[in-house]
Amino acid sequence: MPFGNTHNNFKLNFKVEDEFPDLSKHNNHMAKVLTKEIYGKLRDKQTPSGYTLDDVIQTGVDNPGHPFIMTVGCVAGDEESYEVFKDLLDPIISDRHGGYKPTDKHATDLNFENLKGGDDLDPNYVLSSRVRTGRSIKGYTLPPHNSRGERRAIEKLSVEALTSLDGEFKGRYYPLKSMTDAEQDQLINDHFLFDKPVSPLLTCAGMARDWPDGRGIWHNDAKSFLVWVNEEDHLRVIAMEGGGNMREVFRRFCVGLKRIEEIFKKHNHGFMWNEHLGYVLTCPSNLGTGLRGGVHVKLPKLSTHAKFDEILGRLRLQKRGTGGVDTASVGGVFDISNADRLGSSEVAQVQLVVDGVKLMVEMEKKLEKGEAVDSMIPAQK
Amino acid sequence: MATQFTRMLAGRNTAVVLASLGAGTLATGYLLTDSTAAAERRMLYPPSADFPDLRKHNNCMAASLTPAIYAHLRDKTTPNNWTLNQSIQTGVDNPGHPFIKTVGMVAGDEETYEVFSEIFDPVIKDRHNGYDPRTMKHPTDLDSSKITSGVFDERYVLSSRVRTGRSIRGLSLPPACSRAERREVERVAVMALSGLKGDLAGRYYSLGDMNEREQQQLIDEHFLFDKPVSPLLMSAGMARDWPDARGIWHNNQKNFLIWINEEDHTRIISMEKGGNMKRVFERFCRGLKQVEQLIHERGWEFMWNERLGYILTCPSNLGTGLRAGVHVRLPNLSKDPRFSKILENLRLQKRGTGGVDTAATGDTFDISNNDRLGKSEVELVQLVVDGVNYLIDCEKRLERGQDIKIPTPLAQFRR
């Protein structure tokens with residue numbers, strides 16, 4: 001990140017009180033956790049690549065947040081950030097991930113056969129199914145911090161790995177730099193592509209630097225397996241298709257991920273992972289599985305039910321608009337996905353989505369017939 | 001607080017003095033601090049791997065930066081550890097528009113202009129119409145009594161305004177400054193301003209403590225600045241920690257204002273309704289001199305040197321940092337196809353009444369000087385006075401059905 005260690009030693013000439021950010025109007029996890037004591041303890045530290053505490057928190061300082069929406073307010077610049085700045089990040093992780101303790105261990109399970117059901121979601125309601133996750137490549141710093149040279153190296157390595165895939169995964173890479181505007185619009189409308197970030201949460205963390213250098217999208221010929229390169233994480237891996245066959249989507253997701261991982265390992269650049277935090281990603285909210293499995297589902301009646309949000313909470317699911325995070329629902333169609341990332345496995349999280357969506361579609365059908373659904377409201381999972 | 005700063009300043013004094021004398025490399029070596037591990041990591045990637053892709057770019061930085069210059073400068077730092085990559089990030093992130101050539105780089109501190117002179121000098125030359133910082137000297141002249149014919153016809157000129165910027169020597173500039181430094185700029189400026197008397201006496205409004213109604217009032221009066229939304233400023237890190245240590249000071253008569261910690265440490269503005277540019281400039285010079293005197297009394301000074309004049313964040317504002325302008329009604333002239341050429345020859349530019357990058361409302365334009373560097377404050381204001389009088393004359397002629405002439409182009413620099 002440009003405002004990193006280069007100015008950090010000079011800042012130490014100033015007292016902690018003089019440098020401590022004014023967080024009195026802030027509502028994010030970082031602002032809740034950061035005290036002058038923690039700031040004083042960590043401000044002279046840096047990771048081996050030179051990432052500092054102020055780099056970690058800048059996005060949270062610049063974006064006070066909203067009383068109703070609690071953002072994380074900090075990012076990692078490299079794998080070591082989570083170690084060097086433990087005193088700040090552990091409580092934030094605990095806050096964000098339901099009390100996850102520094103001593104807890106995270107289970108990884110990418111065996112799609114362990115998923116029960118998931119191939120029978122009613123396509124009259126479930127319009128599409130999608131599973132995404134992120135992966136960081138060991139040996140490189142993360143998007144808030146990396147230089148152009150690193151970002152290009154990540155792109156080169158990723159393209160090499162991906163273009164060696166075959167069978168159902170055979171595809172090609174489209175660098176953002178050389179895409180035409182028409183191609184780009186098409187890919188956005190297909191829900192495949194990412195935009196240059198406009199969200200200040202991302203731009204204040206330095207993730208839009210040098211756009212579109214080193215950014216691109218790879219997808220297979222069938223357009224059912226995609227990889228985003230160098231957006232908010234090194235890689236975002238996505239499996240998707242129309243209809244309700246989440247089981248098939250998850251299968252393709254797991255198989256594809258394993259193949260990619262093997263290739264990266266062969267180049268001595270495996271994925272960042274450890275047994276406490278699972279897969280290490282830029283935003284602490286995506287640690288663990290980094291997995292968001294979800295559907296676009298028509299729930300016009302259920303979504304207006306007084307207990308809709310409570311139902312979602314109990315099912316450990318969250319709703320978004322069909323444009324993704326921070327968008328509104330269009331025509332009663334919601335993006336429903338798992339809320340958890342850390343502390344449960346991939347299989348467990350997708351299972352929650354499959355079971356929860358199945359139940360909500362049943363409830364929607366009942367409401368259509370004019371029947372009550374109160375008896376169907378689930379217990380807290 | 002002051003003692004902490006004098007101690008710090010004493011430690012940096014030599015570097016600062018060296019920098020202001022133009023001895024860049026000495027200043028660089030003097031206070032270099034860097035973690036060895038991070039430095040080693042940087043070396044893993046040769047400069048060629050890091051060179052930005054500027055093929056779709058149209059800004060002064062992209063026009064001048066070559067792989068050779070980049071390689072030479074990439075691993076250098078200023079005494080505050082500001083780097084070339086940080087200076088150019090805004091130009092890399094904002095490719096620009098084919099019709100509008102922005103500068104594309106900023107300074108993080110005073111020494112930036114020395115340590116990275118290999119790229120800044122050609123960019124300055126490009127932006128300031130051939131002014132060569134290696135060979136030329138910039139004149140400073142704040143004697144407002146020299147202005148002639150400085151009162152405009154108020155049937156055309158609705159308001160007059162002069163602004164400039166000043167940076168406080170020893171503190172990093174807005175792209176680089178830490179929260180503590182920014183708060184120190186605020187403290188130094190506010191303490192100095194509280195010493196102003198008579199028609200210049202006034203008070204300070206911190207942005208963080210202002211309520212939204214006050215804020216909107218000040219914006220509507222053309223006094224206040226917003227949190228930047230322009231990506232040119234955002235990519236250079238100037239909106240960090242907003243609104244911490246930002247504010248506006250103005251005198252009781254609301255015709256002398258200071259912006260604190262927006263794009264520069266301070267922006268000083270003198271303005272009033274009507275066409276009395278001479279009085280506006282007189283108050284401007286008087287106010288500036290008094291503020292400078294007040295900060296001197298406390299051991300501070302403005303960043304200035306004879307090559308570049310007053311040092312500001314954006315190279316486009318070097319020299320005088322001065323923009324003198326009017327809001328003027330030109331309903332007939334603005335429709336004449338020769339309007340742009342007339343402005344160009346008079347070395348004037350037009351903007352909308354909302355400031356830079358806005359469109360004109362109705363027939364009212366913001367007309368001001370193009371140049372900042374290589375001509376003194378008095379010369380530039382006189383140029384605006386003469387130019388606006390010429391435009392009004394053209395407008396009157398067109399009203400009467402008479403023809404107008406394109407004036408001969410003004411000379412660039414006096415040698």
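Author: Happy to! Keep in mind that this is a predicted model. Let's begin with helix 9 of chain B, whose buried residues pack against helix 5 (60–64), helix 6 (67–73), helix 7 and helix 8 (112–115) of chain B. Which residues of helix 9 are the buried ones? Helix 9 covers residues 117–127, and its buried residues are Ile119(B), Phe120(B), Asp121(B), Val123(B) and Ile124(B). An α-helix has 3.6 residues a turn, so residues three or four places apart point the same way. Just after helix 9, Asn129(B) takes a positive phi of about 55°.

Now step back to the chain that holds this helix. Chain B has 15 helices and 10 strands, and 60% of its 415 residues are buried. Among contacts in chain B between residues at least 6 apart in sequence, 75% join residues at least 24 apart.

Helix 7 of chain B, one of the packing partners of helix 9, leads us to the other chain. In all, 49 residues of chain B are in contact with 44 residues of chain A, and the two chains bury about 3400 Å² between them, 44% of it on carbon and sulfur atoms. Between chain B and chain A there are 22 residue pairs in polar contact, both residues being at pLDDT 80 or more. On the side of chain B that touches chain A, at least two residues each come from helix 1 (2–20), helix 3 (36–43), helix 4 (47–50), helix 7 (84–93) and helix 10 (179–193). Helix 7 gives the largest share, 6 residues. By type, this side of chain B has 20 nonpolar, 14 polar and 15 charged residues.

The count of salt bridges between the two chains is 2. In one salt bridge, the side chains of Lys177(A) and Asp53(B) meet at 3.0 Å, N to O.

Asp241(B) lies in the loop between helix 12 (231–234) and strand 3 (247–251), while Arg179(B) is in helix 10, so the pair ties together parts 62 residues apart in sequence. Are these two residues buried or exposed? Both Asp241(B) and Arg179(B) are buried.

For contrast in setting, look at Glu282(B) and Arg286(B), which form a salt bridge with their closest N and O atoms 2.9 Å apart. They sit 4 residues apart in helix 13 (residues 277–297), which means about one helical turn separates them.

Conventions
Residues are numbered from 1 along each chain as its sequence is written. Chains are lettered from A and ligands numbered from 1 in the order in which they are written. This is a predicted model: local features need pLDDT of at least 70, side-chain atom pairs count only at pLDDT 80 or more; totals for chains, interfaces and linings use all residues. Side-chain values use heavy atoms; hydrogens and water are left out. Contact means heavy atoms within 4.5 Å. Buried area is the accessible area (1.4 Å probe) that two parts lose on being put together, summed over both. A salt bridge is a side-chain nitrogen of Lys or Arg within 4 Å of a carboxyl oxygen of Asp or Glu. A polar contact is a pair of N or O atoms within 3.5 Å; within protein, one must be able to donate a hydrogen and the other to accept it, and residues adjacent in sequence count only if both atoms are side-chain atoms. Ala, Val, Leu, Ile, Met, Phe, Trp, Tyr, Cys and Pro count as nonpolar, Asp, Glu, Lys and Arg as charged, and the others, Gly among them, as polar. Buried means under 20% relative accessible area, exposed over 50%, partly exposed in between (1.4 Å probe, protein chains only).
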